[in-house]
Amino acid sequence: MDEYNRFVDWDKMDVTVQSQDAKELTCTEFQELKQLARQGYWAKNHSLRAKVYHKLISNIPCRTVTPDANVYRDIVVKIVGKRNSSSLPLPEFVDNSLVPTYCLNAEGIGAVRKIILCIANQFPDISFCPALPSVIALLLHYSKDEAECFEQVCRILACNDPSKRLIDQTFLAFESSCMTFGDLVNKYCQAAHKLMVAVSEDVLEVYSDWQRWLFGELPMVYIARVFDVFLVEGYKVLYRVALALLKFFHKVRAGQPMESDSIQQDIRAFVRDIAKSVSPERLLEKAFAIRLFSRKEIQLLQMANEKALQQKGITVKQKRQNVHLAVHAENFKSEIVSVKEMRDIWSWIPERFALCQPLLLFTTLEHGCSLSRFYSHSEGHEPTLLLIKTTAKEVCGAYLSTDWSERRRGGNKLSFFGTGECFVFRLQPEVERYEWVIIKHPELATTGSEPENHAPPASSTLSSGSIPSDPSDRLSPFLSARHFNLPSKTASMFMAGSSECVIIGGGDGQALYLDADLNHGRTSHCNTFNNQPLCSESFQISVLEVWGFRD
C-alpha cells in the first residue's frame, strides 16, 4: 500500500483502484490536463490520484490568509477535546447532510466530523454548505493525515478567483444553483422535465436535490471520477453530470411506475444504485456529450437567479428557507387555462420569474378587442405571458421576455426584438412547447446586423446579431440584453408589434400572427412537432389574455 492509505478500508474498495501501475503526470497545459482527467488517467492509481489532487488544489488561487495544516494541529484538540469523534454534532450549515463513508475506515469516518468542526471554526461566513461532508470524506482517501485534508478543503473554500466557482457556501448561492440547474433541465432534458412536472407540484423541490445526487448518493468510484474533472474544469462539470444522471433516470425508468410516493426518493435510489445500469465512463461520456452553455453564460444565469432570490429577501446570511415555484390556486382565475395548466406553463419559464405569481394585465373579455389597449396594459411589464383560446377550443400562447414598449425603437416601421428565452406553446388539443430554433441549434446563429423591418418567413432562423468569434466569450441568445446590461447586438429577435399587427416568431418553425382587431389570427409553420401545428392555420379568437409576473 502507499502512504495515502491511513483512512481507507481497502476491503470495501474496488480492487481495480488498487492498481499500482507506474505512472507519472508531467503535463501542465490545461487542455491536456482536461483530456487526461476526462479519460480517467489517474483514476486507477490511488497514489497518483492523491498527488494530482494535491497539485491541482495547491494551484487554486486563495485568500492571503487561508488556514493550513498547522492551524488544524493547533485547534483540533481545543475544538474536539476528548469527545468521541463518531458522535460529534455537525454544524447547522451542513443541513443534516448525509455523511458518506466512501469506504473509509472507522478513523476516517470520525475524521470527517472533526475536520467539519474545525472548518466551521475557521470559516464563520459559511452559512450553508451541504456538499462539505462529501468533499472531506473523498479527500481523506488522498490525504496523509487529517491536517493535510483540512488544508486541501480550506483551499477549495477560500478560492478567490471570481471566474472559478467551486463549492456553494451560502443558501443564496445554493438555491440559485438549484434554479440554474432547473433552467438547464428545462433546456436540455425536456422529456425528464415533463415527467417531473407531471409527478411533482413544485419542480424546484426536486431540482434542489441535484447536489445531493452528486455529493451524497453517488457511489465512491463515480464521485471520484467526477471530482477528477471538477478540479480541472470547475463547477460546470457538476451541472453536466447531474443532467446526465437525470437523462439516465428518465431512460431507465420511463414508463415504469414510481417505486415510492416521492420522485425525489426514486431519483436518490436510482443514483445510489447507478452501478446496476450505468458505468462511470458511460456517465461522463453522456455528461460531456451535452452541448451546454459556456461557463460565462451559466455564470450570468446564476447571477440573475441570485438577484431574483435577493429580491425575495434571501441573503448570504440566510439559512435554509422554502422557496416555491408554483402558482397559488386560491388567487388564480383565467377564462382560458386551469390552475394545473398554468402550473405546467410555469414549469417552462425561467426559474427566476417562476418565483413570482401570475398577474392578469389584459383580457379581451374586459378590455375589448383593441390592439392599442393590448399595448397600453402590457407595456411596463417584462416578461409577459400571452394566452389565446380560439372559437374551435384550441389553446395556445407565448412566453415573451421583453417589454412591448421596445416596439417603438423602429419608429413607424415593424421591428423585431425579444430574446431566445421566448417560446410558443400549445395546450389544447395536445400539450407541446416549441423552443426557439437557435436555442435548439445554436450553430444556426449567424453573424450579421439586426434584422430588417420585415417579418421573416416562418422557416427562417432569426439572427442573433453579431457574435464574438471566441466560443468561450459568446453570449447565448437565450440571455436577455436588458436583464444583464449587455449590448443590444447580443439580444435575439423574436417578437414584433405595430399598430396593424402582432408577430411572434416561434421555435421549430412556428410563427403566430394577430390582426389589429384581436379577433383573428393565423399561424405558419414547418418542421412541426409530429406534424401538429400550433393551432389552425387561420383562426378566430374567442378570448385573449396577457399575464404579468407579481412578486
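Colleague: Of the contacts in the chain with a separation of 6 or more, what share comes from residues 24 or more positions apart?

Modeller: Residues 24 or more positions apart account for 74% of those contacts with a separation of 6 or more, where contact means heavy atoms within 4.5 Å. This is a predicted model, in which local features need pLDDT of at least 70 and side-chain atom pairs count only at pLDDT 80 or more, while totals for chains, interfaces and linings use all residues. Residues are numbered from 1 along each chain as its sequence is written, and side-chain values use heavy atoms, with hydrogens and water left out.

Colleague: How many helices and strands does the chain come to, and what percentage of its residues is buried?

Modeller: There are 21 helices and 11 strands, taken as DSSP runs numbered from the N terminus, with helices being H or I of at least four residues and strands E of at least two. Of the 551 residues in the chain, 59% are buried, where buried means under 20% relative accessible area, exposed over 50%, and partly exposed in between, with a 1.4 Å probe and protein chains only.

Colleague: Tell me about α7. Why is it described as largely enclosed?

Modeller: Helix α7 is largely enclosed by the rest of the structure because 18 of its 18 residues are buried. The helix covers residues 171-188 and reaches 25 Å from its first C-alpha to its last, close to the 26 Å expected at 1.5 Å a residue; that expected span is 1.5 Å times one less than the number of residues.

Colleague: And where does F293 lie?

Modeller: F293 sits in the loop between α14 (280-289) and α15 (295-311), and at 10% relative accessibility it counts as buried. Its C-alpha is separated by 8.8 Å from that of L184, although the two residues are 109 apart along the chain.

Colleague: Switching to cavities, how many are there of 30 Å³ or more?

Modeller: The count comes to three cavities of 30 Å³ or more. A cavity here is a set of points, on a 1 Å grid over the protein atoms alone, where a 1.4 Å probe fits but cannot get out, and lining residues have an atom within 4 Å of a point. Grid points are joined across faces, edges and corners, and a volume is the space filled by probe spheres set on the points.

Colleague: What about the second largest cavity, which residues are closest to its centre?

Modeller: The second largest cavity has a volume of about 80 Å³. It is lined by 10 residues, and the closest to its centre are D183, K187, W348, P350 and E421. The largest share of this lining, three residues, comes from α7, and at least three residues come from each of domain 2 (171-312) and domain 3 (339-441 + 488-550), with domain bounds from an automatic or database domain assignment.

Colleague: Which residues is D9 in contact with, leaving aside its neighbours within four places in sequence?

Modeller: D9 is in contact with C103, L104 and N105. D9 lies in the segment before α1 (30-39) and is buried, with a relative accessible area of 18%.

Notes. On a 1 Å grid over the protein atoms alone, a cavity is a set of points where a 1.4 Å probe fits but cannot get out, and a pocket is an open set with protein on both sides within 12 Å along at least five of seven lines; lining residues have an atom within 4 Å of a point.
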